Each structure stands twice: as C-alpha cells, then as structure tokens.
Amino acid sequence: MNAFRLEPWDSYNQQTAENVHPKDWVNPEPRGRYNLVVLGAGTAGLVSAIGAAGLGARVALIEKHLMGGDCLNVGCVPSKALIRAARAAAEVRRAREFGVEVPDGVEVDFPAVMERMRRLRARISENDSAERFRHEGVDVFLGTGVFTGRDRIEVGGQTLRFAKAVLATGARAAAPPIPGLEDAGYLTNETVFSLTELPRRLVVIGAGPIGCELSQAFARFGSEVHLLEAKHQILTREDRDAAELVERSLVEDGVRIVSACHIDRVSIGDGEKIVALECGGESREIAADEILVGVGRAPNVEGIGLETAGVAFDPRKGIGVDEQLRTTNPKIYAAGDCCFPYKFTHTADALARIVLQNALFGLPFLKKKTSTLTIPWCTYTDPEIAHVGMYEKDAEAAGIPVRTFIQELSEVDRAVLDGDDGFVKVHVREGSDHILGATIVARHAGEMLTELTLAMTAGLGLETIAGTIHPYPTQAEAIKRVADAYRRSRLTPTAKRWLRKWLAWTR
Ligand SMILES: Cc1cc2nc3c(=O)[nH]c(=O)nc-3n(C[C@H](O)[C@H](O)[C@H](O)COP(=O)(O)OP(=O)(O)OC[C@H]3O[C@@H](n4cnc5c(N)ncnc54)[C@H](O)[C@@H]3O)c2cc1C
C-alpha cells in the first residue's frame with residue numbers, strides 16, 4: 001500500500017497524488033511571521049488559504065496527507081462518481097417502463113466504474129493541487145502540523161509564527177464500539193473507494209446520508225446489501241414522510257433495511273463476516289463479505305498540540321468556537337468539520353469565508369457570525385432529499401406559528417413525464433409569506449432547493465416566488481405551485497365573496 005492509501009496505485013491515483021501530495025515536494029523556508037497559518041488543506045483550509053493570499057496576506061498552508069481533504073479524496077467526489085454510475089445501471093433496468101428494450105439485461109463492470117471514478121478524481125484534483133496553491137502565493141508545507149506555543153506551529157522541523165491561525169483539521173469516520181468489529185475488519189469512507197472488486201454481500205452499518213447513498217449505489221451495482229439502523233427510521237434528521245420515500249426507493253433497488261436493531265457482535269466465520277443482531281427481542285445473523293461503517297464523524301482534535309496552544313476542545317463535538325469562529329485562543333480560529341455540527345463541504349467553504357473576514361479584519365462592525373448563515377443540505381440518494389432552514393418540529397419547539405404547504409410531484413407534469421416521485425414542502429410563518437424552511441424530495445432536489453435557499457437568504461417570500469415565471473415543464477414548477485397555494489390561502493371568504501360580486505357585476 002502506498003503512503004497515501006490511494007489504492008490501486010494506477011496512473012490515475014498516481015496523478016491525484018502528484019497533484020495533492022507530490023512526492024518530491026520541498027517545503028519552502030518560512031517567511032517570518034505569517035498573517036495566517038492554516039492547518040489542514042481540506043475545503044475549509046483551501047478556501048481560507050487562497051482567500052487570504054488573494055487579499056495580499058502572507059499565508060502558510062499545512063497538510064499532512066492529501067490536499068483536498070475528505071471531499072476530493074474520500075468523500076463527495078468519489079461517492080458522487082459512484083452514484084452517477086449506479087444511476088446509469090438503474091436507468092437501464094427501468095428502460096422497459098419507457099418502451100426501451102435492453103435484451104441482454106444489465107451487467108455492471110465494477111472495476112470500470114471505479115476506474116472512471118479515479119480518472120475523474122484525478123482530473124478534479126488539479127484544482128486542489130499543491131502547485132496551484134504555490135502559484136497563488138500560498139506557502140504549502142506538507143507534513144504534520146503541531147502547535148508548540150500560542151502563536152507558533154511546527155511542521156517538518158520548521159517553526160511557523162503567526163498573527164492568526166485557522167484550524168481546519170476536519171473529521172474522520174467514527175468507529176462504533178461493536179465487539180469483534182475491529183478484528184473482523186471493516187470499510188469506511190477512507191477505504192471503500194479503493195475497492196476493485198464488488199463485494200457480493202455488503203452490510204452497511206448506519207443509515208445516515210453516507211450509509212444510504214452507498215447502500216443504494218452498491219445494490220444497484222449488484223451487491224446484496226443489508227442496511228442496519230439502530231433507530232426506527234433511516235435518515236433520522238429528515239421528516240418521516242421524506243425518509244419514507246427514500247426508504248421505498250432503496251427497497252425497490254434491493255436494499256434490505258433492518259431498522260430498530262442492536263448489533264451485538266461481529267465475528268469471522270468461514271471466510272465471511274457474521275453480524276449478530278437483536279431486533280424486537282429476536283436474534284438473527286447476517287453474513288457478509290464486507291462491512292461498511294457510516295455511523296457519523298469524529299472531529300480531528302488529537303495530536304495537534306491544542307492544549308499547548310490554549311485551544312479548548314471536546315473529543316466528540318470538536319474544537320470549541322463562538323459565533324465568530326474564535327477558539328479560546330484569540331489568535332486562533334476554526335472552520336469546517338473540526339468545529340461545526342453541519343459537516344458539509346459547502347458549510348466548510350462558508351465558514352472559511354467568515355474566518356477570513358473575522359481573522360484578517362479586526363473591525364467589530366465587519367465581524368461575521370455563523371448564526372446569520374442559511375445552510376442547505378442534500379442527501380444524494382435517488383430520489384434526493386434536500387433541506388434548508390427549520391423543520392416543522394423546530395418551528396413548533398421555538399414557539400413560531402407555522403403553516404405548511406406541500407406539492408406532490410405526482411401532480412407536476414414534468415415529474416409525471418419523467419416517471420419521478422417526490423414532493424416540495426415549504427414552511428412559512430403563519431400569516432406571512434416568510435419562508436422558515438423547506439424539504440424537497442425529488443431526483444434533483446439539491447438543484448431545486450437553491451431557489452428556496454436564495455429566497456431565504458435574500459429575505460424573499462413565497463409572494464416573490466409566485467410572481468416568478470418558471471419554465472414549463474420543469475420539476476421546479478412544484479415550488480411555484482407551493483407559492484400559488486400560499487397566494488390562494490390569502491383569499492379570505494370575505495375577499496372571495498367580493499371577488500365573485502365584482503366578476504358578476506362586470507359580466
Ligand atoms: C463519503 C462522504 C461523502 C460526502 N459527501 C458530501 C457531499 O456530497 N456534499 C457535501 O457537502 N459534503 C459531503 N461530505 C462531507 C465533506 O466531505 C466534508 O464536510 C468536508 O470535506 C469538510 O471539509 P474540512 O476542510 O472541514 O475537512 P477535511 O476535508 O476533512 O480536511 C481536513 C484536512 O486536514 C488535514 N489534517 C488534519 N490534521 C492535520 C495536522 N495535524 N497537520 C496537517 N494536516 C492535518 C487532513 O489530512 C485533511 O486533509 C461527504 C463526506 C463523506 C465522508
């Protein structure tokens with residue numbers, strides 16, 4: 001295995017490594033005191049570093065593994081490449097529904113799927129390359145960074161002094177405390193994208209976004225997938241009606257969902273892994289060739305010298321930050337998965353921008369706060385679930401009177417023609433068009449949600465959406481229909497009576 005765990009060591013992975021951790025890289029000589037030292041070159045670190053350099057700051061960026069972090073190497077990029085290939089297989093399987101015969105059926109060439117992923121990842125890795133960042137004026141240090149004081153950090157035997165620093169060390173797959181799991185061996189997001197052979201039987205532990213996305217993809221490739229979840233519902237963060245639609249689709253793809261179960265232990269049998277469970281008082285066993293764990297993310301806070309730097313942290317919640325993303329050391333900020341509960345690439349990007357503003361420009365009236373962010377997210381199953389803002393239960397818990405409008409996609413022409421299921425659900429503050437939150441279940445829910453996220457960010461309400469022309473036929477028309485429903489709800493019985501009278505009078 002190569003030092004970067006980029007397996008197999010083919011030309012594509014070598015190209016990725018050459019971009020994001022060149023083997024003959026020579027760290028620069030430190031240039032005195034830096035305006036900003038960034039620890040970790042995932043999304044949060046890259047955005048901080050390039051943004052600061054662009055403003056003319058003297059910036060150092062430290063990365064111990066692969067620039068691009070989880071998203072490029074073992075997260076969003078490889079997972080979405082697999083999901084796209086899995087969708088192609090699912091589309092062909094459904095072809096007959098559209099009058100298209102595929103006489104020889106579907107055969108997935110898994111090694112080719114993985115090779116395509118590695119090829120595309122290598123191409124995208126150019127954006128995050130060490131060379132590109134050097135060209136943009138960032139001093140790139142490859143090595144492990146450890147704080148040796150409140151204003152200094154050591155990497156590869158060199159000490160970097162800073163006026164301000166950003167912790168952007170990210171997170172890793174949390175390991176569930178299941179007896180026998182460690183000995184039996186398991187895959188996480190750090191190793192699953194190195195597979196070159198399709199596991200015939202796959203057990204996925206944890207029905208969160210990563211577990212659901214990959215369960216569906218592997219089932220579509222032809223694995224026999226069991227998806228295990230301790231709770232009664234998959235995607236527990238989401239509304240039940242939304243999660244149920246995705247659950248139905250996963251089941252149609254062949255995923256066997258085992259919910260409300262407790263895993264007792266994992267053992268190794270005759271060349272296979274045996275997962276022993278208890279479900280509703282009954283014991284059962286599931287045999288697998290591989291186990292994939294996706295039970296949440298643990299922040300990377302150990303071995304960085306945080307104690308020496310005077311930065312408080314919690315091993316589970318991560319680095320403690322205030323609304324301005326300041327840690328307990330006023331010189332040090334944090335951004336991304338290492339400090340924030342919403343662990344997404346776009347959040348890491350948004351937080352890095354807040355840090356730039358707050359760390360480099362001390363003026364109080366210019367300070368930015370995380371509480372002002374409107375954060376959307378999307379789980380890329382088929383259909384996707386995308387959400388922004390409050391759920392109905394959040395609004396109720398906060399004592400905000402809420403009114404909910406729902407549009408089923410079964411009544412939207414484009415979705416009918418596409419053969420797609422789903423809905424758009426928007427919550428407004430009762431008596432106004434002010435959008436509190438929205439959930440969309442649709443094939444491209446993530447794309448559709450942006451209209452509502454923009455409206456919320458800009459303070460636009462459903463009235464504005466109702467007055468916006470949407471091209472016909474699109475699935476986004478469902479959002480317009482929700483806005484029309486809001487408009488109709490404003491027509492009180494008295495207004496309706498007056499309207500009828502007016503129309504009668506003008507006949
Ligand atoms: C399978 C999977 C799929 C995902 N899909 C999506 C998606 O579709 N959309 C989305 O928005 N998000 C997705 N995510 C989440 C997304 O990848 C993360 O939220 C994002 O990468 C966080 O960026 P970050 O910069 O905070 O941390 P990371 O990307 O984790 O980067 C942290 C970097 O810090 C480095 N580092 C740590 N300690 C040190 C040290 N002491 N010295 C030097 N370097 C150090 C690490 O090596 C790493 O490169 C996915 C995650 C996974 C696992």
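How far does a backbone N or O atom of aspartate 337 lie from an oxygen atom of the ligand, and what is that distance in Å? The separation is 2.8 Å. Keep in mind as you look around that this is a predicted model. The protein covers 93% of the 1000 Å² of accessible area that the ligand has on its own.

**Who surrounds the ligand**

- The ligand is surrounded by 37 residues, and the closest are Ala44, Glu63, Lys80, Asp337 and Thr345.
- Sorted by class, this shell holds 14 nonpolar, 16 polar and seven charged residues.

**Backbone atoms facing the ligand**

**Which elements build the shell**

- Two or more shell residues come from each of α2 (43-54), β2 (59-63), α3 (69-74), α4 (76-93) and α11 (345-360).
- Among these elements, α3 gives the largest share of the shell, with four residues.

**How α4 meets α5**

- You can follow α4 from the ligand shell to its crossing with helix α5, which spans residues 110-124.
- The axes of these two helices come within 9 Å and cross at roughly 140°.
- Because of that angle, α4 counts as oblique to α5; the cut-off for roughly antiparallel is over 145 degrees.
- The crossing of α4 past α5 is right-handed.

Definitions and conventions: Residues are numbered from 1 along each chain as its sequence is written. This is a predicted model: local features need pLDDT of at least 70, side-chain atom pairs count only at pLDDT 80 or more; totals for chains, interfaces and linings use all residues. Side-chain values use heavy atoms; hydrogens and water are left out. A residue is near a molecule or strand if one of its heavy atoms lies within 4 Å of it. A polar contact is a pair of N or O atoms within 3.5 Å; within protein, one must be able to donate a hydrogen and the other to accept it, and residues adjacent in sequence count only if both atoms are side-chain atoms. Accessible areas come from the Shrake-Rupley method with a 1.4 Å probe; for residues, only the protein chains shown count as cover. Ala, Val, Leu, Ile, Met, Phe, Trp, Tyr, Cys and Pro count as nonpolar, Asp, Glu, Lys and Arg as charged, and the others, Gly among them, as polar. Axes are lines fitted to C-alpha atoms, for helices over the stretch in contact, and angles run from 0 to 180 degrees between N-to-C directions. Angles under 35 degrees count as roughly parallel, over 145 as roughly antiparallel, 65 to 115 as roughly perpendicular and the rest as oblique. A crossing is left-handed if the near helix is turned anticlockwise from the far one by less than a right angle, and right-handed if clockwise.
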